[in-house]
Amino acid sequence: MSPENWYVACASSQLNDRPRHLRVLGKDMVVFRNPDGTASILEDRCCHRGVQLSLGKITDGNLACPYHGWQYDGTGRCVHVPSLPCGTAIPQGFRVRAYPSAEQDHYVWVWMGSAEPPGSPPRLRGAQEYAWKQGVVEVKCSAELFVENMLDGAHPPFAHKGTHPGYFFNRINGFREYDYEVRVSDEGMVIFYPPAEHEQDPIPPTADSVVHFELPDRIYVLQRGLNFDFYNVLHIVPTGDTTCRVEWLTRQRSNEHFVQWCADEPKTLEQDRVLQESAQINYSREGADFERSVPADYATLLSRKIIHIARDQNWESARSGLVQRKLVRVRQ
Ligand code: FES
Ligand SMILES: [Fe+2]
């Protein structure tokens, strides 16, 4: 995935008076709060002897390295070197790289692109309307693989015993044959059921299941049933080539608006994680030549294509080259 995107750095609910380490696209960074409450993100390497600044602490409003106590402000400038005799100025160039950051919709975001960010991170639908639980799961598979997993409608009856609506539907109704719709969207793609009547129709507001994939790494999952209704938002942040960090938000039933941190790994994500980590081992060893696919893999294969187009070309102009709408017949 390209660095020219906003990525989730960490959950706002998790950033307090201690610095936190984070990794995006193979880069280690440290995030911390300034005295005015804003968040700053610096490279996680002291310019003195290379120690990780995320092991340090906040001292006098600055980020202090744990080795010799050098302090950095939110712009990455070294503002205090305890061993310097009084009256000695800190030499020019004593600083670490600062990354542009923003805080919005329950997350601190980081920009790693070469130029300044073109605007704010994309807004998260419903962020200010509901109560949410928020958490994070580190996964040892590529972000692409985990995105595919989230768009794969054929796996819940097998992979999500006791934790997923798709599992329970299948237990109650058995395997059924039906069509769902896959559309290319401005932001990526959307999968929904039941399909719209005509190509130009909007997604039916009563659709039981709607899953959006929005570039580079966001997934919205909405599922409705007789006595449940769930809405999840996940960011599958690429931390390295074969690792990712699933930052998740789950809507709670309460109508009040609050965000609660949840430290436990949700069972349903654990089930996905174990399977994808096992697949990653095989992809890392052997590449993807062994793969065989069926029509039910249409959505996951499309997400691959979309990610590659967004990485190598201009998404806005290249997206018209894709099949814009497809009804996929499956038995699941
Ligand atoms: S290594 Fe950070 S202060 Fe020396
Ligand atoms: Fe899953």
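Of the 332 residues of the protein, 33% count as buried, meaning that 20 or more other C-beta atoms, placed from the backbone, lie within 10 Å of the residue's own. This is a predicted model, in which local features need pLDDT of at least 70 and side-chain atom pairs count only at pLDDT 80 or more, while totals for chains, interfaces and linings use all residues. Residues are numbered from 1 along each chain as its sequence is written.

The protein has six helices and 20 strands, taken as DSSP runs (helices H or I, at least four residues; strands E, at least two) numbered from the N terminus. Its radius of gyration, 22 Å, is close to the 20 Å of the globule rule for 332 residues, so the protein is as compact as a globular protein of that length. The radius is taken over C-alpha atoms, and the rule is 2.2 Å times the number of residues to the power 0.38.

Helix H4 covers residues 267-286; at 1.5 Å a residue its 20 residues should span 28 Å, and its end C-alpha atoms are 29 Å apart, which agrees. The expected span is 1.5 Å times one less than the number of residues. Leu269, Gln271, Asp272, Arg273 and Gln276 are the buried residues of H4.

| Element packed against H4 | Residues |
|---|---|
| strand S12 | residues 132-139 |
| helix H1 | residues 143-150 |
| helix H2 | residues 156-159 |
| strand S18 | residues 243-251 |

After H4 comes Gly287, with a positive phi near 75°.

Conventions: Chains are lettered from A and ligands numbered from 1 in the order in which they are written. A residue is buried if 20 or more other C-beta atoms lie within 10 Å of its own, exposed if 12 or fewer, and partly exposed in between; C-beta atoms are placed from the backbone. Two residues are in contact if their C-beta atoms, placed from the backbone, lie within 7 Å.
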